[in-house]
Amino acid sequence: MYKRILLAYDGSAPGQQALLDCNEIAQWSHSELTLIAVMPLALTVIGPESGVYDESLQDGEKGRYQAILDTGVRKLADAGLSARGEVVIGDAVTEIARCARRIDANLIVVGHKHLEGWAARWWRGSISKALIEHAPCSVLVVITH
C-alpha cells in the first residue's frame, strides 16, 4: 500500500495528468501527499563553456516555481486531499530521489510526454528513465501524448 506519495510537479500537461492520477491513488490508499518542484540552479552564461550563479534571477524563478506548486496543492485540496509542497533547487533526479528518501516515500509519481523524433529524445534525455535508476521506491510514470 502507498502511504507516502511524492509527486514531482512542474505544472506542465504531463505534470497535470500525473497530479490527476496521483489524486486517484491517494484517495484510494489514504496516502500522505508531497509535491516537489525542482528548480535548476540559476546560471547566467558568460561564455560558450562557462556560467556564473545569479542569485537575483534565482529569487524570481523560485517565486514562479512556488506559484506553480501552490496551484497543484490547491487542486488537491479542492479534491479533498491534504498535501504539502516544497520547492528545491538542483538536479531533478538527485533532488527527487533525495526528497523521497527523506520523507520515506513508497511511490514517486512523474509525468512524461513522448517526444517526437530521435534528436529531441537524445537532446533532452529522460528524467523519468534516470529517476528509475536512482529512486529508493517504486516510480509511476504517467504518459501523455
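Me: Is Cys-99 buried or exposed?
Reply: Buried. This is a predicted model, and Cys-99 has a relative accessibility of 2% there.

Me: What about Cys-137, buried or exposed?
Reply: Cys-137 is buried as well, at 17% relative accessible area. The cut-off for buried is under 20%.

Me: How many disulfides does the structure hold?
Reply: Zero disulfides.

Me: OK, new topic. How many salt bridges are there?
Reply: The count is four. One of them joins Arg-64 and Glu-61, with the closest N and O atoms 3.0 Å apart.

Me: How far apart are Arg-64 and Glu-61 in helix H2?
Reply: Three residues, so about one helical turn separates them. Arg-64 is partly exposed at 42%. Glu-61 is partly exposed too, at 27%.

Me: Which residue does Arg-98 form a salt bridge with?
Reply: Glu-95, with 2.7 Å between the closest N and O atoms. Both residues lie in helix H3, three residues apart, about one turn of the helix. Arg-98 is partly exposed at 46%, whereas Glu-95 is buried at 12%.

Me: And which side chain meets Arg-102 in a salt bridge?
Reply: That of Glu-86, at 2.9 Å from N to O. This pair links distant parts of the chain: Glu-86 sits in strand E5 and Arg-102 in helix H3, 16 residues apart. Glu-86 is partly exposed, with a relative accessible area of 23%.

Me: Switching to the inside. Which residues touch the most other members in the largest nonpolar core?
Reply: Ile-5, Leu-7, Leu-33, Leu-35, Leu-76, Val-87 and Val-109, out of 20 residues in that core. Elements giving two or more residues to this core include strand E1 (4-8), helix H1 (13-29) and strand E2 (32-39).

Me: What does the second core include?
Reply: This separate core has 17 residues, among them Leu-6, Val-88, Val-93 and Ile-103.

Me: Back to E1. Why is it largely enclosed?
Reply: Because four of its five residues are buried, the rest of the structure largely encloses E1.

Me: In which sense does E1 pair with E2?
Reply: Parallel, over five bridges. Arg-4 stands opposite Glu-32 in E2.

Me: Last one. What phi does Asp-104 have?
Reply: A positive one, about 55°, although Asp-104 is not a glycine. Most residues other than glycine have a negative phi.

Me: Where is Asp-104 found?
Reply: In the loop between helix H3 (92-103) and E6. Asp-104 counts as partly exposed, at 49% relative accessibility.

Conventions: Residues numbered from 1 in each chain as written. Predicted model: local features only at pLDDT ≥ 70, side-chain atom pairs only at ≥ 80, totals over all residues. Heavy atoms only, no water. Core = buried A, V, L, I, M, F, W, Y, C linked by side-chain atoms within 4.5 Å. Buried < 20%, exposed > 50% of the residue type's maximum accessible area, 1.4 Å probe, protein only. Pairing = 2+ DSSP bridges. Disulfide = S-S within 2.5 Å.
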